[in-house]
Amino acid sequence: MPSFKLVSKFKPMGDQPQAIEKLVANLDMGVLRQTLLGVTGSGKTFTMANVIERVQKPTLVISHNKTLAAQLYQEFKEFFPESAMHYFVSYYDYYQPEAYIPSTDTYIEKDAKINELIDGLRHASTASLLTRNDVIIVASVSCIYGIGDPEEYEKVANELKIGQKISPREVARYLVLLQYHRNDFDPRQGEFRIRGDMVEIHSPSGEEIIVVEFSGNSIEKITVRKVGTLNPKPYTPNPIKIFPAKHFVTPRQKLELAIKNIKQEAKERVAYFKKSGKLLEAQRLAERTNFDMEMLKETGYCNGIENYSRHLSFREPGSPPYTLIDYFNYAYGQQGDRDSLGVPVSKNWLCFIDESHATVPQLRGMYEGDFARKKTLVEYGFRLPSAIDNRPLKFPEFNKKVGPIIYVSATPADYELKMSVCKKLEAGSRKSEVAIAEQLIRPTGLLDPKIEVRKTAGQIKDVIREIKKRVAKKERSLVLALTKRLAEDIAEYLAEAGIKTTYLHSEIKTLDRPEILKDLRLGNYDAVVGINLLREGLDLPEVSFIAILDADKEGFLRNERTLLQITGRAARHLNGEVIMYADTVTDSMKRAMGETERRRQIQADYNAEHSITPQQIQKEIRKSLLEEAKGRQEEELAPLIPQGPKKDVLKALEREMKRAAKEMNFELAARIRDQIKKISKP
């Protein structure tokens, strides 16, 4: 039975069948790099899903921003409801990296707020890779950052089975070694509690609650309840694998050796500073390292543990870190699958780089910025030299570790086109062909939107008039500005003009971004003002109008590819229209308008030849990740809610809320308070 079963009421149409056939044929021939060039709205995601079903391989989809990654995750989740579908992005809601500015002698301590939901989704990803073959992960470029050795991660995982001779105390000891925390009042993901002869384990993914029941000193029963599903039915696996609560884990016997190696490096570095007359740096480094090593020795963890990852993984200096890509290679590799440098690599899984024109430059540029910051920290004694090896992959390292890649974009860059070459052996001589599958026809018959250029004088007032025209027809609009401040100011101005609007840029929290776009689709907003996040891949069929302000300001935000991507956001609507506000028509504008007109002509000719009448896209509005998280939290709270008449339930909940507050468990108290408000509503 196939591992990947595509579920959809649609069948490939337009250009999709030939694109699917070409991509699959190239993969069968061993082509490692190819491109899917598909216009916006042509169903590239559906094509990707069909390729996955045809080749039956675990898949990593890399996206350049979290908003688009969340959208892709939800789409693939619908296409493959029976497969292990996961979302892997940076788990920080806020992140200020550790840094030092020598010119002002300013040390900036690392400051970050971890999003528990996203952290759980990351753990679910790695656990599935090591236990299943039907895995699809949609990831941001954070997939090239270190997360620890997959082999050690699997080795330290503890297996529990019915009849096993082990006591609750011993299980608790194992869990602590795996970085779980004991919480007997209100356990969350990565925590556990003991109740008599029962140990309740909340998985690091936040998706499962595992209850282990004992009879004396042996396991009598194992029950697992899925969290975040309606009416979840508990099941009884035997055995069950308990994975670590943290990705950076090292077995106790190896940890002692790692600590010894770290101390030796610190000793040598401190001696170097003293010899160079840098006594402050020597003292600073010695104090920090000694403190961190004490924490590691006592608890197996310390803040900034990732900076010691090379020692904890026993890697050679300068070697690449272990990343999500290594989990794919470790899980699906075969004996002997290694590159010329001995790095494990596998052709048994597939990689799509979505919106490759934007994602590839991100993958290419991550290392240099990280290195410059770390180098300064090392030079001034804030970190050991080995901290530099806690880094993202270099682009050549990424390419060596990944097997077959399909670049996906409406506007692929020169790099992707250059790499997409298929070498065939014909009549004894090698012949090269371009490995590019073009997808210009939309299954709905929709054409690319019309483009008009208008002067910048009075552009905001003109934008307001155009948006109000669409509001009258219950259509939505996007406005593209050049800066965050300008986006916020324009949103405020539009609101004053009676338009329901908000702004969207990189400072908006990860899980709030899809929520804003959902509200736009629902009509809670008439328009959204943005800068860079309202471009690639966003699926907004209700948007019929796009205003591009300052379109003649040549640069990254107004080059040919960017303008084509922005224009594509209106390509899912029957009345799609784009207005570029500019005082001159730049070369980028000319090329973007020329390419749009070329595509419109091809699409119109196809429609005429096949008697196709363009149809408006109708797409279901899904629950956002934030709504799924809220549902999961409510479900976790459900066991706390007593049964009975409403009046008695409210009294009982108030008692529990006061008790939680008295015990200074304010988070639980707040959750119960919210439940009281919900129940109190008439």
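Visitor: Why does C143 count as buried?
Guide: Buried means under 20% relative accessible area. C143 has 0% relative accessibility, so C143 counts as buried. This is a predicted model.

Visitor: What makes C351 buried or exposed?
Guide: The cut-off for buried is under 20%. C351 is at 0% relative accessibility, and therefore counts as buried.

Visitor: How do you know that C143 is in no disulfide?
Guide: A disulfide needs a pair of cysteine sulfur atoms within 2.5 Å. For C143, the nearest cysteine sulfur is that of C351, 7.3 Å away. C143 is therefore in no disulfide.

Visitor: What about C351, and how many disulfides does the structure hold?
Guide: The nearest cysteine sulfur to that of C351 belongs to C143, at 7.3 Å. C351 is in no disulfide either. The structure holds zero disulfides.

Visitor: How do you know that the span of helix α4 agrees with its number of residues?
Guide: The expected span is 1.5 Å times one less than the number of residues. Helix α4 (residues 116-129) has 14 residues, so it should span 20 Å. The end C-alpha atoms of α4 are 20 Å apart, which agrees.

Visitor: Why is α4 called mostly covered?
Guide: A residue is buried under 20% relative accessible area. In α4, 13 of 14 residues are buried.

Visitor: What makes a set of residues a nonpolar core, and how many residues has the largest?
Guide: The members are buried residues of listed types, such as Leu, Ile and Phe, joined through side-chain atoms within 4.5 Å. The largest core has 55 residues. L60, I137, L160, I201, I242, L324 and F398 have the most contacts inside it. Helix α10 (residues 324-332) gives the largest share of this core, five residues.

Visitor: Which residues is L60 in contact with, leaving aside neighbours within four places in sequence?
Guide: Among them are I137, A139, L324, F328, W349 and C351. A second, separate core has 36 residues, including L23, I52, V55 and A70.

Visitor: What makes β21 and β23 the edge strands of the open sheet?
Guide: The sheet has six strands in the order β21-β26-β25-β22-β24-β23, with parallel pairing. β21 (450-454) and β23 (501-504) each pair on one side only. Neighbouring strands are turned by 20° against each other on average, direction ignored.

Visitor: How do you know that β25 and β26 pair?
Guide: Pairing takes at least two bridges. Strand β25 (residues 543-548) and strand β26 (residues 577-581) have four, in the parallel sense. A547 stands opposite I579 in β26.

Visitor: Which helix packs on this sheet?
Guide: Helix α17 (residues 560-568) does, touching β21, β22 (476-480), β25 and β26. The direction of α17 makes about 150° with that of β25.

Technical notes
Residues are numbered from 1 along each chain as its sequence is written. This is a predicted model: local features need pLDDT of at least 70, side-chain atom pairs count only at pLDDT 80 or more; totals for chains, interfaces and linings use all residues. Side-chain values use heavy atoms; hydrogens and water are left out. Helices (H or I, at least four residues) and strands (E, at least two) are DSSP runs, numbered from the N terminus. Buried means under 20% relative accessible area, exposed over 50%, partly exposed in between (1.4 Å probe, protein chains only). Contact means heavy atoms within 4.5 Å. Axes are lines fitted to C-alpha atoms, for helices over the stretch in contact, and angles run from 0 to 180 degrees between N-to-C directions.
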